[in-house]
Amino acid sequence: MAEAFIYDHVRSPRGKGRPDGALREVSSVQLAAQVLGAIADRSEIDTALIDDVVLGCAQPVGEQGGNIARSAVLVAGYDEGVAGMQLHRFCASALEAVNTAAAHVMAGQSDAAIGGGVESMS
């Protein structure tokens, strides 16, 4: 079985989840796209080499109710062939997403994958 390695990590800005919070005008798709953009810029990777982006989301309602991973991939300007998958495991959503991305690499289903989480409560 192949090994999976974490090459980089990025953290989005944080703010208070309330109607007047600092990030109230930044959508969850924009937050995720900023993180994906930073990963691509920092690693200087050709995004066409990424097989999948797996994002966990604890409250998949409203804007977050669709496939937020695929939406963020497109907003971030990744190659249009990059897939996106959203997982929902409540508070363990991001952890499950990272585990799933690693499992796909270890099983040979992906050569490179990104796992993480996104949530906006403003």
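Residues are numbered from 1 along each chain as its sequence is written. In this predicted model local features need pLDDT of at least 70 and side-chain atom pairs count only at pLDDT 80 or more, while totals for chains, interfaces and linings use all residues, and side-chain values use heavy atoms, with hydrogens and water left out.

**Exercise 1. Determine the strand order of the sheet and identify which strands stand at its edges.**

Step one: strands are DSSP runs of E with at least two residues, helices are runs of H or I with at least four, and both are numbered from the N terminus. Two strands pair if DSSP finds at least two bridges between them.

Step two: the open sheet has three strands in the order β2-β1-β3, with parallel pairing. β2 (83–87) and β3 each have a single partner strand and stand at the edges, so one side of each is left without a neighbour in the sheet.

Step three: β1 and β2 are joined in the parallel sense over five bridges, and aspartate 52 stands opposite alanine 83 in β2.

**Exercise 2. Locate the two parts of the chain that are linked by the salt bridge of arginine 42.**

Step one: a salt bridge requires a side-chain nitrogen of Lys or Arg within 4 Å of a carboxyl oxygen of Asp or Glu, and by this rule the count is two.

Step two: arginine 42 meets aspartate 8 at 2.6 Å, N to O. This pair links distant parts of the chain, since arginine 42 belongs to helix α1 and aspartate 8 to the segment before α1, 34 residues apart.

**Exercise 3. Describe which elements contribute to the lining of the largest pocket.**

Step one: α1 (28–43), β1 (52–56), α3 (93–106) and β3 (113–117) each supply at least two residues of this lining.
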